Amino acid sequence: MKLELYWPTKKPFYISQRFDEDKTRFNKEFGMKGHGGIDLYHAMGAFIIDFPLYSPIDGEITYIENDVNLGLGIVIKSLEKYLYEGKEYYFKLRLWHLAKNSIVVRLGQQVKIGDYLGMADNTGFSTGTHLHIDGKPLNDDGSNAFQSNGYFGAVDIEPYFQAMTAYEVKTNLSKIAEMIESLGRQISEFIKRRK
């Protein structure tokens, strides 16, 4: 099955840095080939207060960490395997620079696309409120399948993002569920009247 991700915030947002950009800085400061993920800024600017985050995939919360460089972060492991470079892998998605005391999920919790996770902020090595998201294919034992690729196992996940945000998916599913419930009530009322 092909990996499908949904942007983990509401629109409008923009990508300020893509995978493999800023090679010189990341090589010098972190020993990497380049930036290992995607940075998302809210379209209103880097110093906003309200930057909510939503799960981009169905998965399980496997880590909630505070890293000196990356700040506060959440790791979501996919519930299913996805095809990547001809082989199936679980994926872990890492979301970094979250606001302190904003995370509403807990270790071991399963999340669905669009579930609220917390707020992006400016924690760790960051120059303004934004979200860093990266993805790593996992071997069956949970280790990074591409650990020695120069990005500590991260791969370019941007091609797997769909046009919709996770928030839009969740909102649309809620509307569909309401429509189905309403239709069920209408059918029930129709049957009662026919008797």
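**Layout and largest pocket**

The protein chain contains 2 helices and 12 strands. Read from the N terminus, the order of these elements is β-β-α-β-β-β-β-β-β-β-β-β-β-α. The model is predicted, and the chain has an average pLDDT of 89, with 95% of the residues scoring at least 70. Where pLDDT is low, the predicted coordinates should not be read in detail.

Next come the overall dimensions and packing. The C-alpha trace spans about 80 × 40 × 30 Å along its principal axes. The chain has 195 residues, and 45% of them count as buried. Its exposed surface comes to about 10700 Å², of which carbon and sulfur atoms supply 52%. Among contacts between residues at least 6 apart in sequence, 66% join residues at least 24 apart.

Rolling a probe the size of a water molecule over the atoms shows where empty space is left. The largest pocket holds about 510 Å³ of space. Which elements give two or more residues to its lining? They are strand β2 (13–17), helix α1 (23–30), and strands β3 (38–42), β8 (87–98) and β11 (131–138). In total, 25 residues line the largest pocket, and those nearest its centre are F26, F30, H35, L70 and H132. Sorted by class, the lining comprises 9 nonpolar, 10 polar and 6 charged residues.

Technical notes
Residues are numbered from 1 along each chain as its sequence is written. This is a predicted model: local features need pLDDT of at least 70, side-chain atom pairs count only at pLDDT 80 or more; totals for chains, interfaces and linings use all residues. Side-chain values use heavy atoms; hydrogens and water are left out. On a 1 Å grid over the protein atoms alone, a cavity is a set of points where a 1.4 Å probe fits but cannot get out, and a pocket is an open set with protein on both sides within 12 Å along at least five of seven lines; lining residues have an atom within 4 Å of a point. Grid points are joined across faces, edges and corners, and a volume is the space filled by probe spheres set on the points. Helices (H or I, at least four residues) and strands (E, at least two) are DSSP runs, numbered from the N terminus. Ala, Val, Leu, Ile, Met, Phe, Trp, Tyr, Cys and Pro count as nonpolar, Asp, Glu, Lys and Arg as charged, and the others, Gly among them, as polar. pLDDT is the predictor's confidence in each residue, from 0 to 100. Buried means under 20% relative accessible area, exposed over 50%, partly exposed in between (1.4 Å probe, protein chains only). Contact means heavy atoms within 4.5 Å. Accessible areas come from the Shrake-Rupley method with a 1.4 Å probe; for residues, only the protein chains shown count as cover.
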